[in-house]
Amino acid sequence: MFHFFSQKRLKSRGFSSGQKRRKPNETAMSEMMRSGWQVRGLLFFLFATLVSAWVIFSSSANSIFADNPLQAVVVITVITATMMVHWHVSLAQSFTENSKITLMLSVILTQLLLVKLSEYVAMTFAPEGGFKFLVEPYIYAPIVLSLMVGRRHGTFAVVYASLFGGMTVTKDDAFLFVIFSMICGFVALYLTNRVRRRSRLVGAGVYSGVACVLLAFTLGQIQWPGFDAPIEQWEMVAKQALSAILVGTLTAVLVSGLLPLFEATFRITTDVSWIEMADLNHPLLKQMTIEAPGTYHHSLVVATLAETAAEAIDASPVMCRVCSYFHDIGKMKKPAYFVENIGDGQNPHDELTPSMSALIVMAHVKDGVDMAIKHKLNPHIVAVIREHHGTSLIKYFYHRALKLRDEIQTAVDEGKAHEEDIPEVNEESFRYAGPRPRTRESAIISLADSVESASRSLQKPTPKKIDELIDNIFRDRLNDGQLDNATLTLADLAKIKKSFAATLRSMMHTRIEYPKIEEGADKPRQKKTKRLKKKVDVAPEAGESSTAEKATSGS
Ligand SMILES: [Fe+2]
Ligand SMILES: [Fe+2]
């Protein structure tokens with residue numbers, strides 16, 4: 001309340017904008033909910049309890065644990081514990097994310113319910129049987145998890161949903177159920193790799209249904225009637241095959257419809273949604289084309305570089321593309337202060353002190369975050385905007401500030417200025433506020449951003465100069481610790497470098513000066529190679545070595 005009145009007073013005097021500063025709402029409680037082992041343990045305990053209750057209460061006289069519920073509890077608890085260890089070992093990163101554990105366990109539980117429901121429906125409408133193993137939605141959990149958190153989680157769901165599902169059917173059917181569930185699940189997983197359109201998801205459902213039909217023929221669950229069989233038998237085969245394909249398709253349609261709900265609940269964005277967001281007609285991007293055309297072009301090039309590199313290391317290319325489009329929207333507040341929009345006109349930084357220039361340049365991150373939140377952009381885009389410069393140093397203005405200080409110091413020594421005129425130059429004041437990139441995609445965009453800015457001022461580019469430029473930027477970022485939180489391996493970085501170099505070479509193809517082979521060069525091969533090497537090794541032009549430094553500053 002007091003804060004409100006004090007802010008109002010400051011606003012009336014012109015000392016405050018009246019806007020509240022956004023603070024991250026991190027508490028120990030929210031941290032524990034997000035990754036605390038206590039919550040994780042509780043989730044697995046709840047899962048084991050619910051599966052045990054479901055297996056015991058849904059079991060019939062022929063079920064595996066019909067006579068011994070205690071045995072059911074012990075077996076389910078042991079399998080759940082195995083699942084925990086398996087997850088911890090093979091998917092260590094997501095094991096600490098309680099939201100992903102909640103998603104995985106709830107989806108497996110839902111699949112168990114859907115299997116029982118479909119069995120009930122099949123028995124109601126066809127009590128004489130014939131649809132056993134054909135109408136179960138085996139692919140529900142695998143495709144939800146494959147789309148939401150990746151195929152490795154999907155394989156996990158296939159195995160454990162099949163094992164737990166096998167306990168809910170009769171003793172005689174358990175083995176065949178596990179076979180059907182695993183094979184159909186893996187087929188669906190294979191088909192949902194990098195699904196980016198809802199139509200392809202439905203297609204995956206259809207093909208999984210076809211796989212189920214083929215499996216049913218192979219395992220004798222659909223009897224081939226023979227060409228001289230009565231029409232009724234052929235009708236039955238057609239009904240069985242169609243029902244399997246229909247259930248596969250309907251399961252995919254159900255998943256497609258539920259995806260937005262899952263995405264909103266678990267704050268995960270799938271490739272399907274990223275593709276829908278990759279629309280250059282977004283009002284902010286349209287505004288950018290008018291107010292900051294240089295930044296718009298820069299963002300498109302960064303998007304291409306980042307997307308290609310993400311493909312090379314199996315990160316999310318479409319997420320990289322969309323986040324790159326928006327990474328510099330904050331520059332629209334003061335477009336004229338950024339090098340890509342200056343052109344041949346007057347540089348407004350000439351009129352400013354280096355520290356003031358650095359403040360203006362740094363503000364584009366905070367302004368971008370504010371604009372993204374105001375326009376309700378995806379939280380991953382907000383994170384990329386916040387992280388794309390990490391805590392890097394704006395070297396260009398920092399060195400200008402040091403130079404200015406030295407000049408004033410010389411003036412003081414010569415008695416032309418006062419001691420108090422010497423400005424204090426603190427390196428921290430020239431660093432972005434961060435945080436440093438925390439995901440692979442964010443790190444790729446951050447690197448692509450620097451590489452694109454540096455490449456713009458590359459004079460007479462050659463493949464060698466491009467490689468050197470990229471090497472310098474990567475070395476600089478690594479040494480400065482900017483990639484410490486991004487879980488990128490050295491092998492990933494090597495692939496990203498290679499991808500950037502290839503993309504830049506193709507983009508600058510018309511500008512690249514390839515070494516020429518002199519006419520009449522019909523001398524021995526060894527001598528020709530030597531001459532080529534000599535031409536490529538031409539020293540970079542004066543002033544170009546500072547290109548990477550400039551780039552890391554204002555991009
Ligand atoms: Fe940028
Ligand atoms: Fe930027």
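**Charged side chains**

Tutor: On the surface, K333, K334, K366 and K374 gather in a patch of positive charge. This is a predicted model, in which local features need pLDDT of at least 70 and side-chain atom pairs count only at pLDDT 80 or more, while totals for chains, interfaces and linings use all residues. Residues are numbered from 1 along each chain as its sequence is written, chains are lettered from A and ligands numbered from 1 in the order in which they are written, and side-chain values use heavy atoms, with hydrogens and water left out.

Student: What are patches made of?

Tutor: They consist of residues with over 30% relative accessible area and no salt bridge, like charges being joined within 9 Å and nonpolar side chains (Val, Leu, Ile, Met, Phe, Trp, Tyr) within 5 Å. Lys and Arg count as positive, Asp and Glu as negative.

Student: Where does K333 lie?

Tutor: K333 lies in the loop between α15 (317-326) and α16 (339-342); helices are DSSP runs of H or I with at least four residues. K333 is exposed, at a relative accessible area of 54%. Buried means under 20%, exposed over 50%, and partly exposed in between, with a 1.4 Å probe and protein chains only.

Student: Is D328 buried or exposed?

Tutor: D328, found in the loop between α15 and α16, is buried, with a relative accessible area of 0%. Its side chain makes a polar contact with the side chain of H327 (2.9 Å). Such a contact is a pair of N or O atoms within 3.5 Å; within protein, one must be able to donate a hydrogen and the other to accept it, and residues adjacent in sequence count only if both atoms are side-chain atoms.

Student: How many salt bridges does a search of the whole structure find?

Tutor: A salt bridge requires a side-chain nitrogen of Lys or Arg within 4 Å of a carboxyl oxygen of Asp or Glu. The search finds 19. One of them joins E414 to K416, with the closest N and O atoms 3.2 Å apart; K416 is exposed, at 66% relative accessible area.

Student: Which helices hold D467 and R505?

Tutor: D467 and R505 form a salt bridge whose closest N and O atoms are 3.6 Å apart. D467 lies in helix α21 (residues 463-479) and R505 in helix α22 (residues 490-507), so the pair ties together parts that are 38 residues apart in sequence. D467 is partly exposed at 34%, and R505 is partly exposed at 27%.

Student: What does D471 form with K497?

Tutor: D471 forms a salt bridge with K497, the closest N and O atoms lying 3.1 Å apart. This pair links distant parts of the chain, with D471 in helix α21 and K497 in helix α22, 26 residues apart.

Conventions
Areas by Shrake-Rupley, 256 points an atom, 1.4 Å probe, with all protein chains shown as cover. Charge placed at Lys NZ, Arg CZ, Asp CG, Glu CD. Helix = DSSP H or I, 4+ residues; strand = E, 2+ residues; numbered from the N terminus.
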